[in-house]
Amino acid sequence: MSFWARFKESFYSPEFYKRVAHEPLSLGFKYLVSLLAIGALAVSGILAFEFIPFVQDFSNRVVVDVVAQLPEGLEFYIKGNTASTNATSSEPIFITAQFDATTTRATFVVVDTTQAFSVNQFGAYRSYVWVAQDGIGYVDDTGVSFTPFEAETDGLTLTREMVVSGITKAKSYLWILYALVVPVLFLLFLFINMFTFLSLLVSACFVWLIAWAKGIKLTYKSAYLISLYAITPSLLISFLGFLIPGFGIPYAYSVIFLVVVALNLDKKLFAPTERSE
């Protein structure tokens with residue numbers, strides 16, 4: 001029996017559920033793995049379709065919005081663990097990049113090598129990053145952090161042209177990221193969805209209870225086999241939740257599963273030896 005035939009009958013077919021209750025577990029595992037793989041591929045493909053344009057737009061803004069704000073001919077040096085620039089003005093260089101509309105910070109990076117780092121001054125700049133005279137301050141999950149210049153960076157020289165060239169070269173390798181997006185997301189979603197097999201160990205108990213209430217005697221193995229197919233509509237709802245923002249029905253996953261089980265367990269189709277006395 002093909003995968004698509006099993007998929008179609010998993011929604012409603014008491015005869016189908018009577019048959020699968022006695023099949024080898026391997027067939028049920030094969031069906032559910034195939035379903036999870038198809039769902040993971042669909043979700044990862046659609047998310048990648050949204051992710052790639054975002055990365056392209058972000059990379060373009062880095063070049064246009066950020067690099068364009070660096071003064072022509074700017075050079076940056078680190079000598080004796082102290083940074084300096086060849087800027088003729090002592091005024092800080094502010095680089096804006098509004099990546100988050102809700103942020104309270106005015107700038108993305110500020111370059112001010114005329115003074116050493118201080119938390120108070122960093123707060124006054126309202127920036128994510130401050131390239132100071134003695135190191136780099138930045139905002140992270142813990143608050144404000146500071147990394148001083150050390151021997152490894154001594155003698156470093158950067159120019160505006162080097163920065164532009166480096167970013168342009170990095171953009172040329174973005175195709176590698178694009179090529180990895182779908183397989184990485186696919187493997188991630190597939191791995192997460194594999195926990196469905198564990199959750200069905202509990203769901204099988206509810207299948208057994210529904211069968212008992214209908215006067216049908218099932219083994220735990222048969223109840224688990226039925227759950228491998230009855231979970232199909234619930235998984236489709238779950239996949240739609242990933243793809244459609246705001247889509248979701250409270251308790252739909254569990255309720256739909258129980259309804260499918262109740263509708264497809266027909267006492268008349270089970271042999272007398274499988275019914276409770």
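At what angle do helix 9 (residues 232–243) and helix 10 (residues 252–264) pack, and how far apart are their axes? The views below are taken from a predicted model, in which local features need pLDDT of at least 70 and side-chain atom pairs count only at pLDDT 80 or more, while totals for chains, interfaces and linings use all residues. Residues are numbered from 1 along each chain as its sequence is written, and side-chain values use heavy atoms, with hydrogens and water left out.

**View 1. Packing of helix 9 against helix 10.** The two helices pack at an angle of about 160 degrees, with their axes 8 Å apart, where axes are lines fitted to C-alpha atoms, for helices over the stretch in contact, and angles run from 0 to 180 degrees between N-to-C directions. Helix 9 is therefore roughly antiparallel to helix 10, in a scheme that takes angles under 35 degrees as roughly parallel, over 145 as roughly antiparallel, 65 to 115 as roughly perpendicular and the rest as oblique. Helices (H or I, at least four residues) and strands (E, at least two) are DSSP runs, numbered from the N terminus. The crossing of helix 9 with helix 10 is right-handed, a term used if the near helix is turned clockwise from the far one by less than a right angle, with left-handed used if anticlockwise. From helix 9, P233, S234, L235, I237 and S238 meet A252, Y253, I256, F257 and V260 of helix 10, contact being heavy atoms within 4.5 Å. The residues of this contact divide into eight nonpolar, two polar and no charged; here Ala, Val, Leu, Ile, Met, Phe, Trp, Tyr, Cys and Pro count as nonpolar, Asp, Glu, Lys and Arg as charged, and the others, Gly among them, as polar.

**View 2. Helix 7 (residues 196–213) crossing helix 10.** The axes of helix 7 and helix 10 come within 11 Å and cross at roughly 45 degrees, which makes helix 7 oblique to helix 10. Helix 7 passes helix 10 in a right-handed crossing. On the helix 7 side the contact involves T196, S203, F206, V207 and I210, which meet Y253, F257, L258, V261 and A262 in helix 10. By class, the contact of helix 7 with helix 10 has eight nonpolar, two polar and no charged residues.

**View 3. Helix 7 against helix 8.** The axes of helix 7 and helix 8 come within 8 Å and cross at roughly 115 degrees, and these two helices are therefore roughly perpendicular to each other. The crossing of helix 7 with helix 8 is right-handed. F197, L200, L201, A204, C205, V207 and W208 in helix 7 meet Y220, A223, Y224, I226, S227 and L228 in helix 8, and the residues of this contact divide into twelve nonpolar, one polar and no charged. Helix 8 (residues 220–230) is mostly covered, with nine of its eleven residues buried; buried means under 20% relative accessible area, exposed over 50%, and partly exposed in between (1.4 Å probe, protein chains only). Among the buried residues of helix 8 are A223, Y224, I226, S227 and L228.

**View 4. The aromatic pair of W4 and F7.** A search of the whole structure finds 18 aromatic pairs, for which rings of Phe, Tyr and Trp (its six-membered ring) pair if their centres lie within 6.5 Å, planes under 30 degrees apart counting as stacked, over 60 as edge-to-face and the rest as tilted. W4 and F7 form an edge-to-face pair, with 5.7 Å from centre to centre and 80 degrees between the planes. Both residues lie in helix 1 (residues 3–9), three residues apart, about one turn of the helix. W4 counts as exposed at 55% relative accessibility, whereas F7 is buried, with a relative accessible area of 19%. W4 and F7 belong to one aromatic cluster that also includes F3, F11, F16, Y17, Y31 and Y229.

View 5. A37 is partly exposed, with a relative accessible area of 21%. Leaving aside its neighbours within four places in sequence, A37 is in contact with F186 and L190. A37 and L187 are 150 residues apart in sequence and 8.9 Å apart in space, C-alpha to C-alpha.
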